[in-house]
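Notebook open, structure loaded. I want to jot down what I look up as I go.

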Amino acid sequence: MRQPTAGEALAAALSAEYAAIYAYGRIGVRLTGAARDAARQAEASHRRRRDALVVQLSTTGGTVPPDRAGYALPFAVTDRASALRLAVEVEERTAAHWRAALASTTGADRDQALAALVEYAVRATRWRKTAGVAPLTVAFPGRPS
């Protein structure tokens, strides 16, 4: 299996950002108070990263994958507990795409991938804490368990 190019890896990360934004729309409506505020901030962060990637790929001649109208969620989000579980999963899945981009990127693109991986790993830890899930951290963020 060939390693994706930097453009392909960033396009895959962009697709993950689209899915994360979609999921946070479902997550936020099941949360209240500080958790809802955290979900709004997380969604805004994913939107900023999405927007930056669209501009970056467009200006460098990369392929900008289209956003879809909807994305399949791994399970139904019916209450606070399932919303928090999905928030953890969203951050872990998105981190996995950025972790994969590390192998294909260099320079500023690699810095961008590393920053996203770290941000999402930290956010997943915060969601685990909010959900009361142990352990709070994982040994290798973004790597399938």
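Entry one: salt bridges. I'm working with a predicted model. I began with glutamate 89, which forms a salt bridge with arginine 93, and the closest N and O atoms are 2.6 Å apart. Both sit in helix α3 (residues 80-102), four residues apart, so about one helical turn separates them. I looked up arginine 93 too: it is partly exposed, with a relative accessible area of 45%.

Then I checked arginine 47 and glutamate 43, whose side chains meet in a salt bridge at 2.8 Å, N to O. This pair lies in helix α2, four residues apart, about one turn of the helix. Buried or exposed, what is glutamate 43? At 18% relative accessibility it counts as buried, because the cut-off for buried is under 20%. Arginine 47 is partly exposed at 33%.

I also found glutamate 8 bridged to arginine 2, with 2.7 Å between the closest N and O atoms. Arginine 2 is exposed at 56%, while glutamate 8 is partly exposed at 35%. How many salt bridges does the structure hold? I noted nine. Arg49, Glu91, Glu119 and Arg123 are linked in a network of them.

Entry two: a helix pair. I looked at α2 (residues 33-59) and α4 (residues 107-131), whose axes come within 12 Å and cross at roughly 165°. The two are therefore roughly antiparallel, and their crossing is left-handed. Among the contact residues I spotted Arg49 and Gln56 of α2, and Glu119 and Arg123 of α4. By class, I logged nine nonpolar, five polar and four charged residues in this contact.

Last, glutamine 56: it is buried, at 18%, and touches Leu10, Asp109 and Gln112, leaving out residues up to four places away in sequence.

Methods: Residues numbered from 1 in each chain as written. Predicted model: local features only at pLDDT ≥ 70, side-chain atom pairs only at ≥ 80, totals over all residues. Heavy atoms only, no water. Axes fitted to C-alpha atoms, helices over the stretch in contact; angles between N-to-C directions. Parallel < 35°, antiparallel > 145°, perpendicular 65-115°, else oblique. Left-handed = near helix turned anticlockwise from the far one by under 90°. Contact = heavy atoms within 4.5 Å. Nonpolar A, V, L, I, M, F, W, Y, C, P; charged D, E, K, R; others polar. Buried < 20%, exposed > 50% of the residue type's maximum accessible area, 1.4 Å probe, protein only. Salt bridge = Lys/Arg side-chain N within 4 Å of Asp/Glu carboxyl O.
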